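Please keep the sequence and the model in view while reading.

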Amino acid sequence: MEFQYCKLEIFLPESHLEPLRAALQAVDAGHIGAYDSCLSYSRVTSCWRPLAGTHPYLGEAGALSREAELKVEVTCRTSRVAETVDAVKQVHPYEEPVINVIPLYRTSFD
């Protein structure tokens with residue numbers, strides 16, 4: 001089965017929401033019918049431990065980090081997902097950004 005749309009979940013510091021929003025708009029992610037720039041976000045607490053040899057944006061190697069972040073959710077066409085992920089990586093501050101791509105079986109705007 002092929003999926004026409006997917007949803008991206010992106011975790012990042014709140015300070016980077018506006019650059020992310022602009023990057024998503026530039027690749028037309030979040031375009032739903034006669035609306036564009038559609039996304040949602042919520043505050044979450046994330047945990048991670050940078051390993052030796054890393055250069056973390058937040059935290060320090062070997063220490064467990066717990067930080068407030070935003071989880072941003074946006075819909076995009078599956079045909080444009082590679083372009084969208086690349087756009088996110090261009091503005092994301094982390095060495096290893098968490099960007100989950102989830103196929104959408106059905107949407108309300110299909």
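Four strands form an open sheet in the order S2-S3-S1-S4, with antiparallel pairing. Two strands count as paired if DSSP finds at least two bridges between them. The edge strands are S2 (40-48) and S4 (98-104), each of which pairs on one side only. Neighbouring strands of this sheet are turned against each other by 30° on average, direction ignored.

**Basis of the model**

- The model is predicted: local features need pLDDT of at least 70, side-chain atom pairs count only at pLDDT 80 or more, and totals for chains, interfaces and linings use all residues.
- Residues are numbered from 1 along each chain as its sequence is written, and side-chain values use heavy atoms, with hydrogens and water left out.

**Strand pairing**

- Strands of a sheet pair through backbone hydrogen bonds, in either a parallel or an antiparallel sense.
- S1 (residues 5-12) pairs with S3 (residues 65-77) in the antiparallel sense over eight bridges.
- Within this pairing, Leu-8 stands opposite Val-74 in S3, and Lys-7 has Thr-75 in S3 as its bridge partner.
- S2 and S3 also run antiparallel and are joined by nine bridges; Thr-45 has Ala-68 in S3 as its bridge partner.

**Overall architecture**

- The chain contains two helices and four strands, which follow the pattern β-α-β-β-α-β along the sequence.
- Helices (H or I, at least four residues) and strands (E, at least two) are DSSP runs, numbered from the N terminus.
- The C-alpha trace spans about 45 × 30 × 20 Å along its principal axes.
- Among contacts (heavy atoms within 4.5 Å) between residues at least 6 apart in sequence, 74% join residues at least 24 apart.

**Helix H1 and Leu-17**

- Helix H1 (residues 17-26) lies across S1, S2 and S3 and runs at about 15° to S3.
- For such angles, axes are lines fitted to C-alpha atoms, for helices over the stretch in contact, and angles run from 0 to 180 degrees between N-to-C directions.
- Leu-17 belongs to helix H1 and is buried, with a relative accessible area of 15%.
- Buried means under 20% relative accessible area, exposed over 50%, and partly exposed in between (1.4 Å probe, protein chains only).
- Leaving aside residues up to four places away in sequence, Leu-17 touches Leu-12, Tyr-41, Leu-70 and Val-72.
- Leu-17 and Gly-62 are separated by 45 residues in sequence and, C-alpha to C-alpha, by 27 Å in space.

**Ser-65 in strand S3**

- Ser-65 is placed in strand S3 and is buried, its relative accessible area being 6%.
- Residues touched by Ser-65, not counting those up to four places away in sequence, are Ser-46, Cys-47, Trp-48, Pro-50, Leu-58, Gly-59 and Glu-60.
- From Ser-65 to Glu-9 there are 56 residues in sequence and 20 Å in space, C-alpha to C-alpha.

**Surface and charge**

- Of the 110 residues of the chain, 32% count as buried.
- The accessible surface comes to about 6,900 Å², of which 50% belongs to carbon and sulfur atoms; areas come from the Shrake-Rupley method with a 1.4 Å probe, and for residues only the protein chains shown count as cover.
- The chain has 10 positive and 15 negative side chains, and the centres of the two sets lie 5 Å apart.
- Lys and Arg count as positive and Asp and Glu as negative, while His and the chain ends are not counted; each charge is placed at NZ of Lys, CZ of Arg, CG of Asp or CD of Glu.
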